[in-house]
Amino acid sequence: MLHTSSFLYQLHCRFGSLTLPPHSSCMSYNTTAGSWSCKQLQSRLGSLRSCRSEFRVMCRQVLDSIKTCHVQEVDKNGDSDKSLFTIKYLFNAGAKVLLVSNWGRPHDPMLLSVESLADRLSSLLQVKVVPANDGSGLMQSKMNKWENVDILLLDNLTMFREEVANCSKFSEKLSSGATIFVNDAFSLSHKILASTVGVTRFCHASVAGFNFEEELLQLKNISKTTRQPYVAIIGGSNFLEKANALHLLASKCDGLYFFGKLAFQVMNALGLSVPGCFVEQDAVGEALKLIQHAHCRKIPIYFPNDFWCINNSKQDPLEIFPSGSILTGWTPIDLGPVSLKELSSLLSICKKILLIGSIKFDSVKDTVGASKLALMLQGISMTGCDVTVVGNAACKAVAGTSCSVSQYKMFNNASVVWEFLKGRILPGVAALDRAYPHDLDWNIAFTDPSQPLIIDIGSGNGLFLLKMARRCQNYNFLGLEINKKLVRHCLNNVVQSNIKNGYFISTNATSTFRPIVSSYPGDPVLVTVQCPNPDFNREEHRWRMVQRTLIEAIIDLLITNGKFMTLQVFLQSDIEAVATRMKEQFIMYAKGRLLVDGDENMGWLEENPFGIRSDWEQHVIDRGAPMFRIMLRKVR
């Protein structure tokens, strides 16, 4: 994941032999993802300057930076918006450009119309941008208007449900006629969208825009420890949700400074008195684990020593309280003077700083502490300290006190960074990086790729699938598992056991099931979903795997051509609520194409219908706990 050089090189190899597209084909440019750099387009586009109509580009943008008519073309330091630069680059290189984007929120009365945004872009780019604004006729409008314009802006993708669902048909329509897709919207990399992930399946090559490439490199820099001391200043809330990311930061940094609600979880774990309204349920255990981890690494964990507080029932002036002695009825709203002084002293010796999360307390619009912290970072950055700022609130605070933001590395969308720090694959990056293979050589994977295929999602150590492969030689078995170490172990077992009908792929099945399985030359006839996440019992992971996009892909790809009597989906979990939710999700999103196999009134299956148990399943049964199983059958 996130190996920039690898995906640039891969696409370079593929594009090196790419012939020029026919007159009717297009280049799809999406500014949120890409598996190649725009710089590498120059050799191809250069020869097309005189024949623009023969080369078209679909360009995916996130137009956050131009969502109002008050946005400037350059920042205070004179640097132009890199996403706009990507569009200019493609246009000047001779390509027709289709802009695909989203802006604002649905039902927002201040939301710009596609016509207004096209006018604003025309002014910024100094090139005529034509809107395609016919709503339901989006795709037809695209094809009609693109013939006569150089830059076409499609309607706001926020308006289309198919975008969020990563609908395959919608993705195909978006990319219709396109040969190359360019993604420059890095802030959407953590999402699985039709315009950032789905379209890459229908384009010959996928390319990273200038903005995407730069932000990707900046993101990777967060985990580097070449400059020390390295301190992370962490604000916001939801300690449990961010626990994995906090552990990673504790492994990389030389100190962690918490403020906001996160600070109170650390204080609470240490036994200090904390206002009850700031304590997050069930966060104590994770906070203690983090403290222990930091202790083992011999790095300090800091939190504020004093706060400005407000009386909840009176209009009394603000008062300062030590962090462990806040009186009942008083609520912290800002960092106290001692905390700010100590924070300034700590940061003054740092060579690298990460500021992530909101630097304000709940319900407080502006705080003195936030402004003073922003001024500290401004002064420190001018001494050569590497400063990264993450989150919309933090970026606004820093930008409000700085004459130039170019001295910082800034990420307005904190969700992308948190997902990266949690160690999760970013779907928008994976779609470009080709971290999962869309076109597998099935002849290498299986001796006979024409045999019917059984897919095990969340295959773990692979023992269940390998046992099935030995027993059923007339079927091929494919395991999809996100843990790369487990997959390497499984593939070694395949080789050592000389199994010819079993194979494993390290991938996020939610985003890759459709492209992987759709390329299989035979017929997929059975899918098993068996507790795919090793942390499945944790609340934040329970529903992450079984999502609508995965369910729809499974239903679409299970064949119904009459060769096989049963086309099935097998679900099981040791948590009844999880099994129930999976069953309900599959039936709901299948829209009448899935039924419970057998008598629905009989409830859960008492035994595994395959007669083979996974290690996890056997462990649950050995400890005397029940398994909740169900088989669903596809209706012809």
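Predicted model: local features only at pLDDT ≥ 70, side-chain atom pairs only at ≥ 80, totals over all residues.
Trainee: Thanks! Where is Leu-318 found?

Mentor: Leu-318 is in the loop between β10 (306-311) and β11 (319-322). Strands here are DSSP runs of E with at least two residues, helices are runs of H or I with at least four, and both are numbered from the N terminus.

Trainee: And which residues make the nonpolar surface patch there?

Mentor: Trp-308, Ile-310, Leu-318 and Ile-320 make a patch of about 310 Å². Patches are made of residues with over 30% relative accessible area and no salt bridge, with nonpolar side chains (Val, Leu, Ile, Met, Phe, Trp, Tyr) joined within 5 Å and like charges within 9 Å. The areas come from the Shrake-Rupley method with a 1.4 Å probe; for residues, only the protein chains shown count as cover.

Trainee: How many bridges join β7 and β8?

Mentor: Strand β7 (residues 230-234) and strand β8 (residues 255-258) pair over 4 bridges. Within that pairing, Ala-232 has Leu-256 in β8 as its bridge partner.

Trainee: What sits over the ring of Tyr-230?

Mentor: The charged end of Lys-352 does, 4.6 Å from the ring centre. The cut-offs are NZ of Lys or CZ of Arg within 6 Å of the ring centre and within 35 degrees of the ring normal.

Trainee: Now salt bridges. How many does the structure hold?

Mentor: There are 10 salt bridges, each being a side-chain nitrogen of Lys or Arg within 4 Å of a carboxyl oxygen of Asp or Glu. One of them joins Asp-386 to Lys-409, with the closest N and O atoms 3.0 Å apart. That pair links distant parts of the chain, from Asp-386 in strand β14 (residues 386-390) to Lys-409 in strand β15, 23 residues apart.

Trainee: Are those two buried or partly exposed?

Mentor: Asp-386 is buried at 11% relative accessible area, while Lys-409 is partly exposed at 23%.

Trainee: Last topic, aromatics. How many pairs are there?

Mentor: The structure holds 17 aromatic pairs. Phe-85 and Tyr-89 form a tilted one, 6.5 Å centre to centre with 40° between the planes. Rings of Phe, Tyr and Trp (its six-membered ring) pair if their centres lie within 6.5 Å; planes under 30 degrees apart are stacked, over 60 edge-to-face, and the rest tilted.

Trainee: Which helix holds Phe-85 and Tyr-89?

Mentor: Both lie in helix α3 (residues 82-92), 4 residues apart, about one turn of the helix. Phe-85 is partly exposed at 41% relative accessibility, whereas Tyr-89 is buried at 17%.

Trainee: Why does the pair of Trp-442 and Phe-446 count as stacked?

Mentor: Their ring planes are at 5° and the centres 6.0 Å apart, so the pair is stacked. Trp-442 is buried at 5%, and Phe-446 is buried at 1%.

Methods:
Residues numbered from 1 in each chain as written. Heavy atoms only, no water. Buried < 20%, exposed > 50% of the residue type's maximum accessible area, 1.4 Å probe, protein only. Pairing = 2+ DSSP bridges.
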